[in-house]
Amino acid sequence: MNITLLGCGRWGSFIGWYLDKIGHNVTIWGLTDAPQFIELRDTRKNNMLTFRDSIHITDDLTQAVTDADILIISISAQALRSFLPSLQAYDLTQKKIVLCMKGIEVKTGKRLTEIVEEFVPAETQIAVWVGPGHPQDFSKGIPNCMVLDSRYEDLRYFLIKQFSSELIRFYVGNDLIGTEIGAAAKNTIGIAAGMLDGLNLSSLKGALMSRGTREIARLIKAMGGNELSAYGLCHLGDYEATLFSQHSHNRRFGEMLVKGEKFGLLAEGVDTTKALVYLGEKYCVDLPICKTVNQVISGEITAERGLSDLFLRSIKTEF
């Protein structure tokens, strides 16, 4: 397949490297003046990977889109809406779009596929690629399992056939709402885990994982999804990579926040947390962990107070 990666951050560049490795014709597109794109174009490597000559690297969006059978978008979730108008100039009717990104639009609470649907023809099929793993581990040959989901059943199976290998085993998702919300929300739980690490309360991560999954399951159900999705690879299955790994941006953000240090990289969970609080209010779902994380990030309460109140709440039944 001719596949174009729109975005050359750590995930976009890894996916380009991976799909080239398993035999596809890959183009990686990036913004002309973006430091990550300049490094990739000039050196054909980044701090994780070296890219074979078979991968085409370009800042020509017309060429990147026109030549592709599949477009994979991997950019900041909050930048998606502003990026999509640039694709409207092209005929996307026969294109397949895969979102390899996790988040919820902070201003509207919309899932990422809902945003894309506003800008593309009704015939354009959209899927999401989520689940556990870090490019740093995959690039060393450490395998993992991930999920592909879509409203289109034939697209799910088509993409799994095209993308599977010994390095990544894909499961078929069948709950797009649950898959997207679960994948985004795990970043909020990751921030909470980092806060626990920063306060030397890592032993509470077991309680965080148990209660966090249940909290997000309630939200998924209220939004019309299958609450069991929260217990799958999109959410609970991604906890090891998000709540424990040193590679997790969100865990690291939470840890540095409570230590009074600044985290200079993208932590998608910050905006996702705001969006989750909005969705909790909209659907009348109690989200105590999400609300606490949001209050700590905004400076309304200290992490010590917030986490103490969260885990030493008044007596209640577990389920």
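Leaving aside residues up to four places away in sequence, Met146 is in contact (heavy atoms within 4.5 Å) with Trp11, Trp129, Val130, Gly131, Pro132, Phe138, Ile168, Arg169, Phe170, Tyr171 and Leu233. The model is predicted, with local features needing pLDDT of at least 70 and side-chain atom pairs counting only at pLDDT 80 or more, while totals for chains, interfaces and linings use all residues. Numbering runs from 1 along each chain as its sequence is written, and side-chain values use heavy atoms, with hydrogens and water left out.

Met146 sits in strand β7, residues 144-150 (strands are DSSP runs of E, at least two residues; helices are runs of H or I, at least four; both are numbered from the N terminus). Its relative accessibility is 1%, so Met146 counts as buried (under 20% relative accessible area, 1.4 Å probe, protein chains only). Tyr283 lies 137 residues from Met146 in sequence, and 28 Å separates their C-alpha atoms.

Helices α1 (10-21), α2 (35-43), α8 (176-198), α10 (239-244) and α11 (249-258) each give at least two residues to the lining of the largest pocket. The volume of this pocket is about 1,200 Å³, and Gly9, Arg10, Trp11, Gln36 and Leu266 are the closest to its centre among its 45 lining residues. A pocket here is an open set of points on a 1 Å grid over the protein atoms alone, where a 1.4 Å probe fits, with protein on both sides within 12 Å along at least five of seven lines; lining residues have an atom within 4 Å of a point.

As for α8, 23 of its 23 residues are buried. Just after α8, Asn200 has a positive phi of about 60 degrees.

Methods:
Grid points are joined across faces, edges and corners, and a volume is the space filled by probe spheres set on the points. Buried means under 20% relative accessible area, exposed over 50%, partly exposed in between (1.4 Å probe, protein chains only).
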